[in-house]
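This report sets out selected features of the structure shown below.

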Amino acid sequence: MSSGDVRPKVVICRDLGPAMPLLMDRTDIEVVLWPENRGCERAWLLENIKGAAGVLVLLPDTVNAELLEAAGPSLRVVSTMSVGYEHIDMPLMAQRKIRVGYTPDVLTEAVADLSVMLALMAGRNDGAAYTLVKDGDWPKFNWSPFTFCGPQLSTTASSPTRTVGFLGFGRIAQATLTRLVPFGITHCIYSGSPRAAPDTARDAALRAKHTLAALERVDIDRLARESDVLFVLTPGGDETYHLVDAAFLRKMKPLSVLVNTSRGTVVDSDALATALREKWIWGAGLDVVEGEPKIGKDHPLAKEPRCVIVPHIGSATFQTRMDMATRAIDNLVGGVFGTEMPAELGG
Ligand code: DGY
């Protein structure tokens, strides 16, 4: 802060592109922006957060005691441009009375779109088929009636039922279901947190709206056994760590497809690689992998031809990222000035 500048300082851990004028055009705050086009360096953040009233972080920026110590007592708000907040020590925030903003809702549709895309890509051998063309091998490709065939997501006259399963049945799962109904999906099953009470009224309404033969909350064993396509859409963290493990994958159908657009830690990568290699399941579509971004081409999942992996781009549309950035900025400003934050955790 320049001497005599009494405007509250906010630290922004990444250039927010077209949303930056929403911050830069304000005359009532001092904006300190990480100047490079890569993840914010911890040392820079620790240095610059001193005396800040607010900080806008992203998933890789850990918000813990070290960061709060560096900030000092001036820090009033942490705003994350993400719906996930496992990088923020929430009990500590409550203890220090620091408000926390996040960006739910605005990314629901984009992540649901990508979930369906990955289900289709994984089922239809997109990894191997796309690689064949990119590698220039189409001219050598010997077409035959069943090469590159995979399980069909939509129902057909000869295969008139299809069950989709959801591990976690929140906003994104329900938006994904909505997209799948026109594919002729007949049954929907899901498992939720054991702490959440069943919502039978909601389920009955959803079942009627989508004219499904069944929509049912089931235990995790049935979820594994009955899903033709299983979408992992539960938050990360200790409670859901490796919920999809070897025992779970062993129960799945040989033609089933697993999609994870939530958090890599929910799925045991080694077990999934084994399941794909040994054909316990048909394929996998992943937007997230445990240990990301350190997923090189030698990672066991990257080597599996029936595993389609994209680098955590679930919310990466122009519209959604702009909405997320706007909400993160609005949360930050609300927290700094002690006014309403559009999406406050525990607020
Ligand atoms: C989030 O916001 O938590 C998503 O994982 C980012 O796409």
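Predicted model: local features only at pLDDT ≥ 70, side-chain atom pairs only at ≥ 80, totals over all residues.

## Annotated domains

An unreviewed UniProt entry annotates residues 116–314 as "domain: D-isomer specific 2-hydroxyacid dehydrogenase NAD-binding".

A further annotation from the unreviewed UniProt entry, "domain: D-isomer specific 2-hydroxyacid dehydrogenase catalytic", covers residues 19–338.

## Ligand surroundings

Which residues surround the ligand? The shell is formed by Ser82, Val83, Gly84, Leu107, Gly314 and Ser315. By residue class, the shell around the ligand comprises four polar and two nonpolar residues, with no charged residue.

## Packing of helix 5 and helix 7

Two packed helices are described by the distance between their axes and by the angle between them. For helix 5 (residues 108–123) and helix 7 (residues 171–180), the axes come within 8 Å and cross at roughly 55°. Helix 5 is therefore oblique to helix 7, and the crossing of the two helices is right-handed.

On the helix 5 side, the contact is made by Thr108, Glu109, Val111, Ala112, Ser115 and Val116. Helix 7 contributes Arg171, Ile172, Ala175, Thr176, Arg179 and Leu180. Across the contact of helix 5 with helix 7, six residues are nonpolar, three are polar and three are charged.

## Backbone geometry

Most peptide bonds are trans, and most residues other than glycine have a negative phi. Where does the model contain a cis peptide bond? The bond from Glu292 to Pro293 is cis, with omega near 10°. Pro293 is located in the loop between strand 11 (283–286) and strand 12 (307–309).

Phe148, a residue other than glycine, has a positive phi, with a value near 65°. The position of Phe148 is in the loop that runs between helix 6 (126–134) and strand 6 (163–167).

Terms used. Residues numbered from 1 in each chain as written. Near = placed C-beta within 6 Å. Nonpolar A, V, L, I, M, F, W, Y, C, P; charged D, E, K, R; others polar. Axes fitted to C-alpha atoms, helices over the stretch in contact; angles between N-to-C directions. Helix = DSSP H or I, 4+ residues; strand = E, 2+ residues; numbered from the N terminus. Parallel < 35°, antiparallel > 145°, perpendicular 65-115°, else oblique. Left-handed = near helix turned anticlockwise from the far one by under 90°. Contact = placed C-beta atoms within 7 Å. UniProt positions renumbered as here; feature names shortened; annotations may be inferred.
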